[in-house]
Amino acid sequence: MSIENTPVPSPLDAMQSGIDRAAAPTADEAKAKVQQEADVSRWFDRIRQARKFDEPAREQYAKDRKYARGDSGFEVDSNLIGTYIDILESFLYARDPDVDVRPSPCSEPPSLEAMRDAAEDYVGELPDMQQAHDQAAAAVLQDSGGDQQMAEQAGKQAADGLRDHLIQKQYEKIRKRYQRRQRDTKAFAETLEIVVSRLWKDARLKPRGIRWVRSALTIGLGVLKVSWQERTAPSPETVTAINDLQANIQRAAAMRQELDEASGTEEDALRAEYERQLETLRNQAEVVVARGLAIDVVPAEDFQVAPGFTIADHVDAPWNSHRIPKRYCDAQAEFELSDAVMKQAKRFAARKPVMVQRESAMLTNSTAADADAYLDASTSMDYSSDTAGDFVMVEEIWDCDTNSVLTGIHGIKCWVKPAWNPTATTRFYPFFVLCTSEVDGQRHPQSLTSRSAKLVDDYNRIGSAEAEHRRRSLPGILFHKGQVGQEVMNKINNSTTGEWTGVETTMPNVDLRKVFFQKPCAPVDPGLYDRSRITQELERIWGVQEALSGSINTQKTATEADIAQTGFKARTSGRRDSMETQLGEMAQYTAELSRAHVTAEDAQAIAGPDAMWPEYTGPDDLRSLVVVDIRAGSSGKPDTMMERQAWANQLPLLQNGIVQIGQMRGSSPADIADALERLLKITAERSGDRIDIDSLIPQSGNAQQPSAPGAGGPPGNGQTPPTLPPIQQSALMGPQTAALTQILDQVRQSILTPETAAAVIQAAYPMIPEPLIQQMVGGVPVQPGAPGPNPPTGQPGQPSQGGSAPAPTGSLVGQPSPPGPVPPGTPAPGVPSPTLSPE
């Protein structure tokens with residue numbers, strides 16, 4: 001072919017050819033697409049088979065929910081199961097549990113002996129010992145004229161002295177380092193408690209927890225999902241939507257695309273909604289990017305565990321899956337899918353709401369699909385036409401083998417989100433499963449509803465039979481039809497109250513008592529319709545007392561009521577223990593998530609500017625610092641009376657212990673007052689009443705002591721404010737003050753000299769500083785019989801002049817010891833002490 005005949009491509013043709021080549025997938029891309037489609041198909045087949053494997057369990061879910069709803073085919077029925085669920089729900093989960101974070105055992109300082117040994121090992125390797133030995137030996141050797149033995153002894157003494165000094169110095173250094181570490185760990189534990197509690201409160205744990213417990217009581221299984229939502233990184237799918245500016249922008253973009261394709265009335269409605277969305281963006285009512293903890297209640301029928309493992313042991317299974325219904329438009333906007341891809345999605349519709357049905361749940365043919373809240377729009381018609389096809393089903397697969405999370409939509413042949421790795425924690429799955437009654441060898445737990453269903457049917461059957469018996473036992477009058485005509489009977493039936501009605505019979509002389517007589521009825525035997533036995537059996541199954549259900553049919557003694565109350569506590573405590581085990585694991589998981597995602601600035605915003613938040617080093621750093629759990633019994637309804645009684649018994653012991661420990665350690669009155677103030681605040685918190693305790697506690701200040709008559713005016717008029725007497729400054733109380741007062745009285749009576757009294761006080765009360773002791777006994781003692789209250793005059797050791805007074809009571813010489821704790825070194829009662837005799 002010649003060059004002249006070759007067609008020259010136009011610029012538009014060249015551009016289109018380039019676009020086609022860019023749009024056409026390469027061989028590697030085509031291969032990757034085929035592999036992804038095969039992977040998606042394999043995973044969805046695996047999930048479909050697992051759901052078919054668990055169809056009997058979902059059938060039972062549907063029956064249990066019908067019983068809890070109150071479905072019954074009997075004329076007379078009572079929804080006992082729903083009542084028991086309401087009662088137990090309020091007792092098991094009445095409030096959010098208290099997070100308990102305490103320093104881990106590895107953060108505790110070692111024993112004093114161990115720290116001393118560490119200091120000795122450190123000092124023993126220093127070269128300073130030999131240097132001090134050589135310097136001291138050389139100096140002594142030079143001064144002594146060559147005495148080798150004396151020089152060696154002096155060198156040894158110098159080395160030992162330096163060694164003891166360095167050991168003590170290193171010991172103090174090690175001790176302070178451990179004490180600081182302990183203080184930092186305790187401060188971090190307090191910060192972490194506040195952070196986890198705040199995250200739970202923001203995630204609205206209480207309403208989710210109540211639904212979690214209700215699901216477990218109804219069908220035997222409740223599932224919670226805890227996840228951290230972060231817009232800047234892949235996050236688990238949640239039912240609870242995060243409303244922020246980015247989400248609003250996504251909705252506006254999807255709405256704009258729908259608006260371009262709409263027409264007519266639909267276009268006007270979409271345009272109005274689109275304008276409202278733009279107004280929201282202009283006002284910026286939401287935060288720009290929301291982040292935080294999200295807690296969802298996962299319906300049991302939407303939670304799937306790999307076959308071969310029990311539901312309670314789902315953490316050991318190789319994979320868990322969560323089905324999440326999502327609106328069609330939201331899914332397209334969130335995953336940024338094209339219309340061509342979204343057309344592949346299987347459409348779902350919400351099930352119509354069903355109220356109480358007048359048919360027995362046991363006799364109704366329930367299927368596994370009856371447990372699903374969203375139905376396949378292509379195979380079922382049990383949904384509202386208004387919501388037909390408005391939803392798609394997102395499947396989130398947590399694959400523990402590859403440590404990855406896969407996200408797909410039923411019907412779409414590719415993953416709608418790239419596989420991503422969740423935050424590294426000590427547990428992989430974010431699901432927390434509550435099982436009420438497990439049966440050995442069974443994959444699914446058994447619900448309390450299924451255990452009591454036949455008893456409830458029998459209860460309603462007896463009530464319906466009794467109602468039928470009563471209806472057939474209505475009173476009536478029989479008459480002899482041949483003696484009384486129809487006209488007379490009509491007159492009798494139409495007569496009013498108190499009316500005289502004439503009766504004409506075919507036989508004038510007949511006795512009317514033989515013409516009219518009472519209709520015989522079968523007597524009602526209450527024993528045949530007694531349902532107390534069934535109620536007792538239901539109480540054994542559910543653990544609910546008769547009094548808690550709102551009625552008492554049988555009078556009980558105080559002992560019987562106490563036994564019933566104890567049994568109720570035992571049964572509810574067992575169920576609460578299972579629930580709090582899961583809540584404790586949830587607290588640990590939340591703490592690990594917060595360590596990975598909460599910054600120091602976030603922690604300070606939550607817990608205050610003094611929050612301790614170390615740098616995050618990995619999922620194991622939390623275990624080396626603190627132990628995270630919840631306080632036992634903190635989630636249930638508090639037994640206020642028992643708690644107050646127990647605290648009333650402990651409070652005096654704590655008060656006395658604080659005072660005695662403070663005295664033995666020589667603590668200042670301010671420190672003891674602070675400890676008592678904290679104890680008072682704890683008491684007010686445990687009472688459950690909102691009391692502003694700070695307004696009732698006296699604050700520290702320069703309080704004025706009442707002055708003696710003639711001592712001058714108050715401070716500010718040139719007068720010095722009075723000070724406390726020395727004996728009150730010693731922080732002694734009770735019997736110890738009485739014993740010390742007797743010693744000082746003996747000084748005033750010249751029974752003891754000030755030197756002897758000072759020695760006795762110093763030996764008996766080593767916590768009192770020596771200057772304060774000298775101030776106590778430094779006054780001039782008076783002669784025996786002198787007035788004790790007057791201040792002493794004269795010189796120490798000389799009797800003062802004054803009148804006589806009665807001798808002091810309770811002298812320490814040859815007298816019994818005062819009541820209360822005996823100071824160390826004090827002889828036994830009645831035994832004279834030579835050290836206390838007068839000089």
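Tutor: A residue is buried under 20% relative accessible area, exposed over 50% and partly exposed in between, with a 1.4 Å probe and protein chains only. This is a predicted model, in which local features need pLDDT of at least 70, side-chain atom pairs count only at pLDDT 80 or more, and totals for chains, interfaces and linings use all residues. Residues are numbered from 1 along each chain as its sequence is written, and side-chain values use heavy atoms, leaving out hydrogens and water.

Student: Is Phe431 buried or exposed?

Tutor: The relative accessible area of Phe431 is 0%. The cut-off for the buried class is under 20%. Phe431 is therefore buried.

Student: How many aromatic pairs does the rule count?

Tutor: Rings of Phe, Tyr and Trp (its six-membered ring) pair if their centres lie within 6.5 Å; planes under 30 degrees apart are stacked, over 60 edge-to-face, and the rest tilted. By this rule the count of aromatic pairs is 11.

Student: Why is the pair of Trp398 and Phe428 assigned its class, and which class is it?

Tutor: The ring centres of Trp398 and Phe428 are 5.7 Å apart. Their planes stand at 75°, so the class is edge-to-face.

Student: Which residues form the cluster linked by ring pairs?

Tutor: Trp398 is buried, at 1% relative accessible area, and Phe428 is buried at 15%. The rings of Trp398 and Phe431 also pair, with centres 6.4 Å apart and planes at 75°, so this pair is edge-to-face. Ring pairs link into a cluster Phe303, Trp398, Trp420, Phe428, Tyr429 and Phe431.
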